[in-house]
Every structure is written in structure tokens, then in C-alpha cells.
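Have the viewer open as you read.

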Amino acid sequence: MTQATALNLDDIPHPPLTPLVGHTLDLLRDPLGLHMGAAATYGPVYKVKVLGQWRVSLGGADALEFILGDTQKLFSSHDGWDMLHTLFPGGLMLRDFDDHRAHRRIMQAAFRKPVLDAYRARLEEATEILLEDWETDSPFKFFPAIKDMTLRMGAAVFMGLDLDDPRAEQLSSAFRAEVAAATAVIRKPVPFTKMARGMAARVMLTQQFSMMIPERRDNPGDDFFSQMVLAADEDGNSWTAEELVDHFNFLMMAAHDTTASALTKVAWALATYPEWQDKIIAEVDALPVGPMDDARLASMQAADLVFKECLRLLPPVPLIPRRAVRDFQWGNHIIPAGTWVSATPGTVMMSPEHWTNPQEFDPDRFGPEREEDRSHKYAWAPFGGGAHKCIGLHFATMQVKLFLAALLKSHRIELADDTPVDWARVPIPQPKGGLPVVLRKRAQPSSP
Ligand code: HEM
């Protein structure tokens with residue numbers, strides 16, 4: 001056994017502390033930057049102080065596997081994601097071990113293949129209709145536009161409402177308030193703060209969702225909400241109404257901003273590297289006429305490479321928090337029970353240990369000739385790993401490809417100006433100026 005030299009947290013190095021706030025503001029400003037800088041200076045094991053608590057980071061792909069794979073059941077996801085407790089209690093990610101497993105088995109029913117096929121048809125239709133509202137030849141900001149689109153699609157595909165149902169806008173804006181509150185600095189619902197608005201929105205959403213349950217039980221549709229009402233595991237276990245509402249509320253949060261952030265990076269990539277846009281356009285033009293199916297989605301391989309590279313360069317979830325439930329040893333450190341521990345897929349995905357010129361946009365690194373993502377099971381982990389690995393990863397990939405197919409079959413995308421794009425990392429990675437773009441009608445391929 002390795003000799004332990006750090007019997008408590010004191011021996012673990014940390015960047016200089018700002019009086020009173022520690023590293024809280026650095027983390028709020030640029031979490032990945034803070035971690036990349038600390039890892040470069042102190043090596044893979046270091047700590048940062050956030051809201052008065054030390055959080056230990058274990059860097060590297062092996063540590064990612066150790067924390068997320070969690071074969072010894074050492075790490076609580078519920079305790080790690082403490083900032084979500086008030087607004088998203090009972091969500092899948094906020095459950096641990098056997099309880100989490102039991103709930104995930106039920107949720108799996110809403111992600112079965114036939115159900116995903118039905119969501120695909122709804123998504124495809126909704127994407128095409130919503131894209132008709134986007135203007136050609138006049139600049140607009142991509143990030144707010146795609147956020148709005150994913151939320152409106154959420155009303156259709158997740159809640160099963162018509163795109164023009166008046167409840168859709170009301171639910172979407174309540175939902176926006178709830179998500180904004182999750183990362184608010186003031187954590188108490190003091191009147192007029194984000195937290196107060198978020199809590200009020202949560203009350204309204206849970207009431208609305210509760211009212212939808214009997215309606216959908218009697219008349220289920222091919223939307224997530226209906227499928228979650230029907231969901232049962234192989235032994236017939238299902239959720240109470242309260243559990244169902246909490247799971248749905250969490251699912252909406254987990255699905256939307258992550259996908260909107262990823263699609264924005266993809267749009268940036270297409271506009272910045274037109275040669276990759278050309279490759280995807282060629283794939284889209286080669287699709288047979290008719291609705292999408294698995295084979296058609298699978299044929300969009302350049303789209304796959306670009307999506308993977310965008311998630312590597314700007315992962316929507318670059319840091320994954322956990323809290324140790326028992327003392328554990330990592331290398332020569334002994335970390336006590338109760339310590340917050342961060343897994344850092346964002347730094348692993350930028351590590352020269354696994355990636356050639358990691359800062360460069362180079363989707364071919366995922367191609368069959370290089371397969372840099374295969375250098376370690378956790379080298380590429382934008383969807384996490386282990387028991388909590390993103391349950392929506394196939395849905396997200398499908399949504400991105402459907403969007404690209406719908407957009408690029410008739411348009412090209414360009415940046416509206418030459419201003420370099422600066423990316424904010426919090427609360428979700430996004431371009432600081434919103435990413436002004438212009439859509440141009442494109443020449444159609446000549447028929448054979
Ligand atoms: C590009 C888009 C997405 C990214 C990058 C992403 C990323 C992640 C990551 C990293 C986790 C694991 C967090 C942890 O271990 O603590 C996660 C969990 C989760 N994601 Fe996603 N996600 C995306 C889209 C979606 C979508 C579209 C859905 C639903 C349709 C979804 C539903 C969930 C749920 C329910 C969990 C919790 C799983 C569990 O705890 O068992 N995500 N996601």
C-alpha cells in the first residue's frame with residue numbers, strides 16, 4: 001500500500017486565497033480557468049475554497065474513472081450537487097446508490113428505443129416549424145434564439161403541448177426563472193431576488209405538472225411527460241405523483257441549457273470552419289427524401305465528429321461535484337469523509353496526455369484513423385460516466401443532428417462580424433455577445 005503522507009486536507013496545495021471569499025468569485029467567473037490554472041501550478045491534486053468549504057480536485061482520466069465509476073460507493077452525487085437541492089429536489093442526479101438505481105430503472109422506460117423514435121418524429125417536425133421563424137440575411141444572436149427554440153421544443157416534445165399552446169410560453173418563462181435561480185449568488189428567497197422568483201416558478205410548475213398527470217394517464221401521448229407517467233421498471237415499480245413531478249422538473253433542467261450551449265458551439269464551429277460546414281452540407285444533401293431514421297442519422301458522420309469536438313472544447317458540464325461518504329485514499333492522500341470532491345472532465349478533455357494540440361478545433365481527432373478519444377475510457381467524458389452517466393446523451397445527439405439537417409438543407413450559417421468570440425463559462429457555457437450570425441439561403445444541389 002502507498003504510504004499516506006497527507007492525513008488531512010491541510011497538506012493539499014491551493015491557489016492564493018482572496019480574503020473572506022476564498023475562490024468563490026474565481027469559480028463563478030471561470031470555473032474551468034481556475035481549475036486549469038491550479039492543475040498547471042500544483043499538479044493533479046489541489047483544493048479550492050468555495051462558499052467557505054474546501055473542495056478537493058482529483059485531476060486526470062484515472063481520477064475521473066475513480067470518482068464517476070465509483071465502484072466502492074464512496075461518492076454522493078446528492079451531497080455534491082448541493083446548489084440544486086432547493087429548486088430540483090428528488091431529481092435523478094440528486095439520488096445516490098440503491099435509491100438512484102431504482103429510480104433510474106424506472107426512468108429508463110422513457111428512453112426506450114420505440115419511445116425515442118416517437119420523440120424523433122416530434123423533434124423533427126418541431127425543428128422545421130420553429131426554424132421557419134428565423135430570418136435570412138439579417139443578423140441575429142444565435143444563443144438566445146436557440147435557447148428559445150429548445151425551450152419551445154421542450155414544450156412540444158417534453159410536455160406534449162402544441163407549439164402554439166399558450167401554456168407553452170408561460171411554462172417556459174417559469175422554467176427560465178427556475179434555472180436562473182439555481183446558480184444565483186443569494187441562496188435565500190429574499191423578495192425580488194432570482195431565488196424568490198425561482199421558488200415561485202417552481203411552485204407554479206409543480207402545480208401545472210401535477211394537474212397534467214391524470215390527463216396523461218387517461219390519454220398518453222408520445223412525449224416525455226406521458227412516457228414518464230406510464231414509466232415502470234421490469235418489476236412493475238413506478239413513481240408517486242410527487243416523485244414524477246420532481247423527476248420531470250429535473251429532466252427539463254438537465255436537457256435544455258446543456259443542449260442549447262452545445263448547439264451554440266456547433267453553430268460557431270460551422271461558421272468559423274466553413275470546410276466542416278461543407279462536409280455536413282454534403283451529408284445532408286445525400287440524405288434520401290423522407291423522415292429521419294437511425295440509418296440516416298448514422299450517415300451524418302461529419303456532424304458527429306464536429307459535435308464531439310465541440311463538446312470537448314466547451315463541455316456544458318466541465319466539473320462534476322461529489323461528496324465523500326467515507327474516508328478514502330487517492331495516491332498518497334487520505335481524504336476524510338464529508339469532503340467535497342470535484343471530478344474534472346473539462347481539464348481531462350484539454351490534456352495533451354490524450355489530445356494532440358488540445359486547444360485546436362480538429363474534429364478528425366475522433367475519426368477512425370486517430371481515435372484520440374480511445375486513449376482512455378474517460379479521455380472524452382462530456383456526458384460523465386458511471387451510474388449517473390447522462391441518460392439523455394442519445395437524445396441530445398439526435399437533437400443536434402436533426403437541427404443541422406433542418407438548417408443546412410436550405411441555408412448556410414456565417415458569423416455576422418469579425419469580433420472574436422469570447423466564451424463565458426457560467427452558469428452554462430455561452431458566447432458573451434450571444435454569437436451574432438447571419439443565415440444565407442444556399443444553392444440547392446442539382447438533381448441527378
Ligand atoms: C449536450 C447535451 C448534454 C450534456 C453535455 C449533458 C451532460 C450530463 C452530465 C455530465 C451528466 C452527469 C452529471 C453527474 O454525473 O453528476 C448528466 C446527467 C443527466 N442528464 Fe445530461 N447532458 C446533456 C443532455 C441531456 C438531455 C437532452 C437529457 C434529457 C433528455 C439529459 C438528462 C440527464 C439526466 C436525467 C441526468 C442525470 C442522470 C443520473 O443521475 O442518473 N441530459 N448529463
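## Helix α7

In this predicted model, α7 runs for 17 residues and covers 22 Å between its first and last C-alpha, close to the 24 Å you'd expect at 1.5 Å a residue. Most of α7 is tucked away, with 13 of its 17 residues buried. After the helix comes G160, which has a positive phi, near 75°.

Helix α9 takes in residues 194-218, and its 25 residues should span 36 Å at 1.5 Å a residue; the end C-alpha atoms sit 37 Å apart, so the two figures agree.

## Rings around F224

A search of the whole structure turns up 24 aromatic pairs. One of them is Y119 with F224: the ring centres are 4.1 Å apart and the planes meet at 25°, so this pair counts as stacked. Y119 belongs to helix α6 (residues 113-131) and F224 to helix α10 (residues 224-230), so the contact ties together parts that lie 105 residues apart in sequence. Are these two buried or exposed? Y119 is buried, at 0% relative accessible area, and F224 counts as buried too, with 1%.

F224 has another stacked partner in F158, with ring centres 4.5 Å apart and planes at 25°. This pair also links distant parts of the chain, since F158 sits in helix α7 (residues 142-158) and F224 in helix α10, 66 residues away. Both F158 and F224 are buried. Zoom out a bit and you'll find one aromatic cluster made up of F111, Y119, F158, F224 and F395.

## Arginines over tryptophans

W340 has R323, with its charged end 3.8 Å from the centre of the ring.

## The iron site

How many donors does the protein give to the iron atom of the ligand? A single one: the SG of C390, 2.3 Å away. As for where to look, C390 is in the loop that joins α15 (345-348) to α16 (393-408).

Conventions
Residues are numbered from 1 along each chain as its sequence is written. This is a predicted model: local features need pLDDT of at least 70, side-chain atom pairs count only at pLDDT 80 or more; totals for chains, interfaces and linings use all residues. Side-chain values use heavy atoms; hydrogens and water are left out. Donors are N, O and S atoms within 2.8 Å of the metal (3.2 Å for Na, K and Ca); water is not among the atoms, so sites may look incomplete. Helices (H or I, at least four residues) and strands (E, at least two) are DSSP runs, numbered from the N terminus. The expected span of a helix is 1.5 Å times one less than its number of residues. Rings of Phe, Tyr and Trp (its six-membered ring) pair if their centres lie within 6.5 Å; planes under 30 degrees apart count as stacked, over 60 as edge-to-face and the rest as tilted. Buried means under 20% relative accessible area, exposed over 50%, partly exposed in between (1.4 Å probe, protein chains only). A charge sits over a ring if NZ of Lys or CZ of Arg is within 6 Å of the ring centre and within 35 degrees of the ring normal.
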